[in-house]
Amino acid sequence: MHTFHPDQIDVPSGHFIDGRLLRPAQAAGLAVSRPSDGRHQAELPLADAAMVDQAVENAWTRWRASDWSRRPPRERARVLRRWADLVEADGAVLAPLEAVGSTRPLREALAWDVPFTAEGLRFFAEYADKLGGEVAATRSDHLGLTVTEPYGVVGAITPWNFPLVMASWKVGAALAAGNAVVLKPSELTPFSVLRLAELALQAGVPAGLFNIVQGDGRTAGEALSRHPRIAKMTFTGSTRTGAAIMSACALHGPKPVTLELGGKSPQLVFDDVPDLDRLAATIAGAITGNAGQVCVAGSRLIVQRRIAEPLVERIVQRFEALRPGPTWDAAATLAPIISPAQAARIAGIVERSHGAGAHTRCGGTLAQVGSGGAYWRPTLIEGVAASNPAVLEEIFGPVLTVQVFDSEEEGLALAAHEHYGLAAGVHTADLGRALRAMRAIQAGTVWINRYGRSDDFVIPTGGYHQSGIGKDLGRQAVEANLRVKSVLIDFASPQ
Ligand code: NAD
C-alpha cells in the first residue's frame, strides 16, 4: 500500500560533517513544516558562517588525508555502486522520508525518486575510469598529454523540488571525479539527504568526503559559495540565486560554477499529430507532475489552430480528473505546493495575467483539501498575449498557458522565450518540421514527440540563456568536476 502515517516517520535532523550527524546545542533553529498538511516536521539547525567554515575546512583536511582521489578509479566506482545498491534497497525508509518532507508522493518516491537516485549514482560510478586525458599532436620528439584531476572540495546547493535526485546528481558526479563535497540542501526540504549521506558512509565513502550543512541561502549558502577552499560550485535553483552565487564565485575565486536554473518551456504542437488523446496526456502530465514544480515543466502550450480546441478540451478533462491530496494519500494524484508563500506567488501571477487580458478556462484557485497544506487546482489560461506575465514568468505550479498559431514560422516565434531556454517539446508527424524546430529553438533540451526526462542518464541536462551554464548528467557533468593539467615531455636529446 502506498501510504504511511506522517507522525510515525523518524525524521533525522542536523548537519552531517565528518561522517557524523551534528546537532549544535545553541544554534539558531528553523521550524520546518510538512508541505502536505502544514504541520511541524522538525527543527533544523541553521549553520552560520563559522559552521560552514568548519565543515569546509574539515572536508579539505579529510580529502587531502584520504586516498579517495588517488585510489584506482575502479575502486572508487565500486564504492559508489555499493552506495547505489544501499539506496535502492532503502526504499522503505528513504521514500517515506522524502514524501513526508517534500511534495513527492510516496508512490512516486518509491517508483521513481529512489530508484532514479540509485541509478544516477551508478551512472556516475561508471565514469570514474572513463575520463582520463588525451595525447596531443605535438612535434615528434615531444610528448604532449593532458591529465584530469579533481578540484578538491566542491560546494553544492540544491532546491526543494526533488531533494534526493537533485542532490545525487551533484554529489555523485563530484565524488566519482575524486572530489569531496559540501552540500547545502534547501532549508524547505533538508532531511532526506541526511539518510543519503549515512548510506554513503556505510558504502565506504570515507568520512568527511560527503558533508551536509543546513541553513538558509543568505547565510549558509553565501558562506559556502564564498569560501576560499571551495574550488568549484554547482547549483540548481532559481535564476536570481544562480546569479548571486556566480558573483560570489567571481569575487571570491574566481572559481567555476555550474548553474541549473529556471525555465518556461514551450510545448509546440502541429496539427498533424496522430493521437490527440495520447498527446493530451503528455501535455497535462508535463505541467501537473509534482504539481508543476519542475524546472522543465512544459508550461506554455503553443498549438496549431485546427486542433487547438479539441486538444485543450482533452487537457482540461485531464486537469479536472486530478485529485489533490497529501503525499501519503494513496488515492491522491496531485501533489501539494511546497509552501503557502509559493501558493500565494502562483495566485499573484494568475491574477496579474487576468489583469493583462487573459482568462482562466479551468482551475485558477486553491483546492480545498481537508488535510491543510496548499494545493493549487490545475489551471489553463487562454487569451494570453506574448507579453502576459503568465507567459513570461516561471510560475512553478500547475498552470498552463495556451497560444494558438497558424504557420510554422509563427509557432516557432511564439516558442522562443526572451530569457529562458531550458527545454522544449515539439509534437509533429513531419520529420523535417520536427528537425527545423529543433534547430530553431534555443534551449538546452528539445524533446520530439515525447516530453520529460528518460532514464538515459547519458543525455546531459542544462539550459541556454538565463536557464543556466553547464550540464548535470551526461559525460559533461563528470567533466565539470575535473580540472585539466597539460604535460609536455621533451625527449629530443638525452639530458
Ligand atoms: P532558490 O533559488 O530559491 O533556492 C535554491 C537553493 O539556493 C536553496 O538551497 C537556497 O537556500 C539557496 N540560496 C538562496 N539564496 C542563496 C544565496 N544568496 N546564496 C547561496 N544560496 C542561496 O530555488 P528553489 O525555490 O529552491 O527552487 C526552484 C527553482 O529551481 C526554480 O526556478 C526551478 O526552475 C529551479 N530548478 C532548476 C533545475 C534545473 O535542472 N535547471 C532543477 C530543479 C529546479
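**A mixed sheet and its helices**

Helix α13 (residues 408-415) lies across β12, β13 and β16, at about 150° to β16. Contact here means heavy atoms within 4.5 Å. Axes are lines fitted to C-alpha atoms, for helices over the stretch in contact, and angles run from 0 to 180 degrees between N-to-C directions. Helices (H or I, at least four residues) and strands (E, at least two) are DSSP runs, numbered from the N terminus.

This is a predicted model: local features need pLDDT of at least 70, side-chain atom pairs count only at pLDDT 80 or more, and totals for chains, interfaces and linings use all residues. Residues are numbered from 1 along each chain as its sequence is written, and side-chain values use heavy atoms, leaving out hydrogens and water.

Now the sheet. It is open and has seven strands, in the order β14-β15-β16-β13-β12-β18-β19, with mixed pairing. Two strands pair if DSSP finds at least two bridges between them. β14 (359-362) and β19 (445-448) are the edge strands, each pairing on one side only. On average, neighbouring strands are turned by 25° against each other, direction ignored.

Strands β12 (residues 265-269) and β13 (residues 298-304) pair in the parallel sense, over five bridges. Ser 265 stands opposite Gly 298 in β13.

Turn to helix α5 (residues 163-176). Gly 178 follows α5, with a positive phi near 100°.

How values were computed
Expected span 1.5 Å × (residues − 1).
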